[in-house]
Amino acid sequence: MTATTTTTGPEPSASPGLPEPVGDPPLLEVRNLTVTYGGTVPAVRGVDLRVEAGQKLGIAGESGCGKSTLALALLRLLPATAKLTGEILLDGEDVLTMKWGRLRAVRWAGASIVFQGAMHSLNAVHRVGDQIAEPILLHNTKTTPAAARKRAGELLEQVGLPAARAQAYPHELSGGQRQRVMIAMALACDPRLIIADEPTTALDVMIQAQILRLIEQLVADQDVGLIMISHDLAVLADTCDRLSVMYAGRVVEEGPARQVYAEARHPYGRALSAAFPRIGDPASRRAPRGLPGDPPDPAALPGGCTFHPRCPVALDSCATEDQELREAGGERRAACVLVNAPAADDSRSTA
Ligand code: ADP
Ligand code: MG
């Protein structure tokens, strides 16, 4: 395992406000990642991300913005019709150029994914204990089946289930219990990074909160990195350190999670946070406001800023001028022409 706090001398920080430079590469660094389905559907367009060990990055955005495509791309789990370009550096090693053998080793052990909807991700005809033991056996050729089963029981206890539940089939478990099994599987090979794609979306609110606390606690205990994907900005603001907001395959806003949630600099970020107010938070005591329309079909993206057809503060120029991420104050970046304009106020045209 790579140490992440090695310092190489009293070098000053490269730029004020940014994390201290460290000797090792970050746990995950994604550079200019593009995913195109079938040659014509650009579902992810030039995404940059960075996650340090022990850091929790949230990725927000409505359905269809490319979040799952991005998550699957990180471990090259996409169908063959998907063409990927860019770099996905996991501990400095590019996942996109890895040989198959190395890629198999990296899946589960380097990074693992918890999918949305555990019922579809678990095999209905195998006991859950055996399913947890499977990646352990695959990755540790010296491990015996008995030892792997024992470890599966321990993992179940770690996620708050009795070890005896290893004998259960998926249909014998509740939705929350199945999602705990998925998390136990994701932990099975001690990954350095856990990617959770809408891990609680199919669950009711109480169970959702329990699963989120469990993920948070596991991440804190094991010093792994976390990428948590959700359409719910409030959930991400509660759970994560940093947030990236995706729209039409791009990151349109990023920064410290609480800041992005409380005072997003991109009108899409503001619309998302207004749509998901945090219960009991006086800072967000606003009526939830729906954002009319849907994200664009990536096969037919509008010109200019892709958000302009839905944007309450769009200027005429937004229909023709694309926007890159730009500095937006307080470690934030946003891809909006109005970022540095005085008082960008969405109520101007929605009132
Ligand atoms: P999200 O997870 O944010 O809802 P997805 O990554 O699932 O978004 O989808 C992003 C876009 O890519 C959508 O327009 C979707 O229809 C398209 N897409 C997803 N999977 C495929 C696929 N296998 N082939 C073609 N298009 C796809
Ligand atoms: Mg998705």
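**Close-up views of a predicted model**

The protein exposes about 16500 Å², and carbon and sulfur atoms supply 54% of that area. Accessible areas come from the Shrake-Rupley method with a 1.4 Å probe; for residues, only the protein chains shown count as cover. This is a predicted model: local features need pLDDT of at least 70, side-chain atom pairs count only at pLDDT 80 or more, and totals for chains, interfaces and linings use all residues. Residues are numbered from 1 along each chain as its sequence is written, chains are lettered from A and ligands numbered from 1 in the order in which they are written, and side-chain values use heavy atoms, with hydrogens and water left out.

**View 1. The shell around ligand 1.** Ligand 1 is surrounded by Y37, A43, E62, S63, G64, C65, G66, K67, S68, T69, P79 and P298; each has a heavy atom within 4 Å of the ligand. Helix α1 (residues 67-74) gives the largest share of this shell, three residues. Helices (H or I, at least four residues) and strands (E, at least two) are DSSP runs, numbered from the N terminus. By class, the shell holds five nonpolar, five polar and two charged residues. Ala, Val, Leu, Ile, Met, Phe, Trp, Tyr, Cys and Pro count as nonpolar, Asp, Glu, Lys and Arg as charged, and the others, Gly among them, as polar.

**View 2. Polar atoms at ligand 1.** A polar side-chain atom of T69 lies 2.5 Å from a ligand oxygen. A polar backbone atom of S68 is 2.8 Å from an oxygen atom of ligand 1. At Y37, a side-chain N or O atom sits 3.4 Å from a nitrogen atom of the ligand. On its own, ligand 1 has 570 Å² of accessible area, and the protein covers 63% of it.

**View 3. The largest nonpolar core.** This core has 97 residues; L28, L33, L70, I132, I183, L193 and I227 have the most contacts inside it. A nonpolar core is a set of buried Ala, Val, Leu, Ile, Met, Phe, Trp, Tyr and Cys residues joined through side-chain atoms within 4.5 Å. Helix α6 (residues 175-187) supplies the largest share of the core, seven residues. Beyond its neighbours within four places in sequence, L33 is in contact (heavy atoms within 4.5 Å) with residues including V44, V47, L70, I88 and L96.

**View 4. Q208 in helix α7.** Helix α7 (residues 205-222) contains Q208. Q208 counts as buried because its relative accessibility is 18%; buried means under 20% relative accessible area. A polar side-chain atom of Q208 lies 3.4 Å from the backbone oxygen of L203. Not counting residues up to four places away in sequence, Q208 touches T200 and L203.

Technical notes:
A polar contact is a pair of N or O atoms within 3.5 Å; within protein, one must be able to donate a hydrogen and the other to accept it, and residues adjacent in sequence count only if both atoms are side-chain atoms. Buried means under 20% relative accessible area, exposed over 50%, partly exposed in between (1.4 Å probe, protein chains only).
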